[in-house]
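Please walk through this structure with attention to how its parts meet. The account below follows the contact from one side to the other.

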Amino acid sequence: MKAAVLTEQGKISINENYPAPVPDEGEILVKVAACGVCHTDLHYIDHGVPTFKKPPVILGHEAAGIVASEGKFFKEGDRVLLPPVFTCGKCRFCLSERENICRNMVMLGNSIDGAFAEFIKVPEKDVIAMPDEIPLEDGCIIADAISTPYHAVINRAKVKPYERVIVFGCGGVGINVVQIAALAGAEVIACDIDDKKLELAKELKAALTVNPAKVDLKDFLKQNVGAVDIAFEVIGKPETVEAAFKTLGKAGRLCVVGYTNRDITINPAKIMFFEQEIFGSIGCRPADFPKILDLVKDKKINLDKLIANKYGLDYINTAFDELRESKVLRNIILPGKKV
Ligand code: APR
């Protein structure tokens, strides 16, 4: 089959004859309709983050497609969404409804081959039926770009109506933290150094926007908002984690969604005096996907404004370049498309 393969650090090559996957017991074959191009893929390509499966490995973990082999619950032709992570269902985190931090998690396009390919095999128990109302091409981004922000906003930060929320980074993930926090009833301040992202944040119901490259963030908050209740860091830089923490007031919560493995410096006095909290958020729990699909179906979560370009596999490096240069929020790869 045709696949875009990470052959070595920094290099994605098209292979027309990559071995097609053969499903094992409990797995089904899925013909990939679409797979989102995510910043996490860039971490593997550009930033030295190793994949668990050593190259050659097919990246891509944000996929939707059509079932291509008969399963126990799904039949050929069924439309499905694939979660990015498969769980063991047995460890103490799975048993306490925290499957997203499963001890034995297997991630598409990292631990095993992902979806920048014509076909993929996946454990059937984890596959989600895609409602007819949601197109596979646009709906694929629900797998991560929507589900990760949902978990961060709803389960981890537990955003409540009228809370003041600031979102640092309104890229592919952060923009959806903005729209889901606004949906939860919060007053959302979108913070990004790219004015185009801030315009979109406004369209997705941010109450205020701020570009810290142009105005002093501390002054802006002092004049317009005061201290915030919840700060989300959705960039992955030590300096923005620190800046996000500094925006918090009493009982403030900092939710770290962006990835960096560099150290941060935070003075703990405020954490103690103000009973503040710092916590992380990763992925999403299986139980939340049906709720998210309902929100998309009901147009409460907007997909239309998020997707920029759709490319065939041959143009995957263009799709990555555009993300790398911050020109787009989400590009989509359509393995069945020729151009
Ligand atoms: N201050 C404010 N915004 C910034 C700054 C800064 N100093 N530096 C970068 N940004 C903005 C960019 O302009 C961009 O809009 O952060 C955004 C990052 O978005 P993307 O590059 O699209 O990244 P995204 O896919 O959203 O992922 C963000 O979350 O899940 C993790 O691994 C992922 O670490 C990554 C992070």
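Between domain 1 and domain 2, nine residue pairs are in polar contact, counting pairs with both residues at pLDDT 80 or more. The model is a predicted one. On the side of domain 1 that touches domain 2, helix α10 (residues 289-297) contributes the largest share, four residues. By residue type, that side of domain 1 divides into ten nonpolar, eight charged and four polar residues.

The domain assignment places residues 3-144 and 284-333 in domain 1, and residues 147-280 in domain 2. Taken over C-alpha atoms, the centres of domain 1 and domain 2 are 27 Å apart.

How many residues of each domain are in contact with the other? Domain 1 supplies 22 residues, and these are in contact with 21 residues of domain 2.

The size of an interface is often given as the accessible area lost when the parts come together. For domain 1 and domain 2 the buried area is about 1800 Å², with 60% of it on carbon and sulfur atoms. Within domain 1, the residues that lose the most area to domain 2 are D144, K305 and L329. Together these three account for 28% of what the domain 1 side buries.

K305 also takes part in a charged pairing. Its partner in a salt bridge is E203, and the closest N and O atoms of K305 and E203 are 3.1 Å apart. The count of salt bridges between domain 1 and domain 2 is one.

How values were computed
Residues numbered from 1 in each chain as written. Predicted model: local features only at pLDDT ≥ 70, side-chain atom pairs only at ≥ 80, totals over all residues. Heavy atoms only, no water. Domains from an automatic or database assignment. Contact = heavy atoms within 4.5 Å. Buried area = accessible area lost by both parts, 1.4 Å probe. Salt bridge = Lys/Arg side-chain N within 4 Å of Asp/Glu carboxyl O. Polar contact = N/O pair within 3.5 Å; in protein donor to acceptor, adjacent residues only side chain to side chain. Helix = DSSP H or I, 4+ residues; strand = E, 2+ residues; numbered from the N terminus. Nonpolar A, V, L, I, M, F, W, Y, C, P; charged D, E, K, R; others polar.
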